Amino acid sequence: MASDPYFSSTKLILNGDYTTIADRSAAAQTISQSSISPVTVSNVQSKFGGGSMLLPGITQNTYLGFGSSTIWKLSAPLTIEFWIYINAYNSNGARVLSAGGGTVAWNSTTGIHWLFQITSNGVAFSYITSGWTANGVSITCSLSTWTHVAVTFDGTTIRMFKNGVLTSSSNTAPGVPSGTPNGHLGAINGEGGTASTYAANVYIDDIRITSVCRAISDFPVPTSANQDGAFAIEGIVYDDTASPCSRTVRAYARDTGEFLSKTISDPITGRYTLWTTRNTPCTVVFFDDDVGVSYNALVLDRVSPQT
């Protein structure tokens, strides 16, 4: 089992693998959805796990907040990463992910700290400098294709990666506005409105923010869903011909029936890993994924997660 060596430093994990969007990191950031147009989970596109989060590009009121924290400041090493599937470019700079103090401007108090936007050909990352103006780096991205985007800060240099490859960097020092920033998906803190001008039309998955610099050269692109628990259940799924297969795998706490985790086994190798926050005996259920073929669910009881 390949565990994340920086899991204890991970401060946010958001994905579309569950009906309710919640922070799956140990930091347990408070998620606050827009009361007008909440971010939803979609099964139309998925990088891992069968779902992703949809920003439909219709209104700037579609967003969620992921907590107020000094962690989001670029005053110490930080890594921000996610998978994105762009449905449409936006030359206005559609909002994807941001941290800011509540004012939609670059200033030394309540302004924007950093911001990811959809551009006319990809994704741009902007951040406030010590001169209280914006500086940035960017990458090009194809439409209708999953792209891994990562930005790291090691205390000196901002670096941006596309599918693990370092594409641009900046040594311009970031500024640190005095206000504590709030994190947002789909908007800048303090922004909203019914217009679609800055509304991103994307699927986004496996957002992860870590309070360390994960890379300064090639970025290690995840080959499966991000670890979102300290304990794991893993195995291989075979079909009735003894061939590895893809199945939806879910874990439930045996004592309470609480749903803990889900994944989809690899269609080539049949391998799966379920991460859970609880070290408790589980009931693991394997559901059929084949279209047009009906199998009974397979149940394994008293499965103990491992560290």
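Reader: Where does Asp206 lie, and what makes that stretch a strand?

Author: Asp206 is found in strand 15, residues 201-210, and that stretch carries the name because a strand is a DSSP run of E with at least two residues, numbered from the N terminus. This is a predicted model, in which local features need pLDDT of at least 70, side-chain atom pairs count only at pLDDT 80 or more, and totals for chains, interfaces and linings use all residues. Residues are numbered from 1 along each chain as its sequence is written, and side-chain values use heavy atoms, with hydrogens and water left out.

Reader: What makes Asp206 count as buried, and what is its phi?

Author: Its relative accessibility is 2%, and buried means under 20% relative accessible area, with exposed over 50% and partly exposed in between (1.4 Å probe, protein chains only), so Asp206 counts as buried. Its phi is near 50°, a positive value in a residue other than glycine.

Reader: Why is Trp132 called partly exposed?

Author: Trp132 has a relative accessible area of 33%, so it is classed as partly exposed. Trp132 is placed in the loop between strand 9 (122-128) and strand 10, and although it is not a glycine, it has a positive phi of about 65°.

Reader: How do you know which strands form the open sheet, and in what order do they stand?

Author: Two strands pair if DSSP finds at least two bridges between them, and on that basis seven strands form an open sheet in the order 2-5-14-7-8-9-10, with antiparallel pairing. Strand 2 (32-33) and strand 10 (134-140) stand at the edges with a single partner strand each, so one side of each is left without a neighbour in the sheet. Strand 2 is joined to strand 5 (residues 64-68) by two bridges, and Leu64 in strand 5 is the bridge partner of Gln33.

Reader: What is known of His184, and what makes a residue one of its contacts?

Author: His184 lies in strand 14 (residues 182-185) and, at 10% relative accessibility, counts as buried. Contact means heavy atoms within 4.5 Å; leaving out residues up to four places away in sequence, His184 touches Tyr63, Leu64, Gly65, Phe66, Val96, Leu97, Ser98 and Asn189.

Reader: What makes strand 11 largely enclosed?

Author: Eight of the eight residues of strand 11 (residues 146-153) are buried, so the strand is largely enclosed by the rest of the structure. In a regular strand the side chains alternate between the two faces of the sheet. Both faces of strand 11 are covered, with Trp146, His148, Ala150 and Thr152 buried on one side and Thr147, Val149, Val151 and Phe153 buried on the other.

Reader: Which strands pair with strand 11?

Author: Strand 6 pairs with strand 11 in the antiparallel sense over eight bridges, and Ile80 stands opposite Val151. Strand 12 (residues 158-162) pairs with strand 11, also in the antiparallel sense, over five bridges, where Val151 stands opposite Met160. Strand 11 and strand 12 form a hairpin with four residues between them, and Gly155 in the turn has a positive phi of about 105°.

Reader: What makes a set of residues a nonpolar core, and which members of the largest one touch the most others?

Author: A nonpolar core is a set of buried Ala, Val, Leu, Ile, Met, Phe, Trp, Tyr and Cys residues joined through side-chain atoms within 4.5 Å. The largest has 39 residues, of which Leu97, Trp114, Phe116, Val123 and Phe125 touch the most other members. Strand 6 (residues 78-86) gives the most to this core, with five residues. A second, separate core of 13 residues includes Cys245, Ala253, Leu260 and Val284.

Reader: How many disulfides does the structure hold, and what makes a pair of cysteines count as one?

Author: A disulfide is a pair of cysteine sulfur atoms within 2.5 Å, and the structure holds zero. Cys141 is buried, with a relative accessible area of 4%, and Cys282 is buried at 1%.
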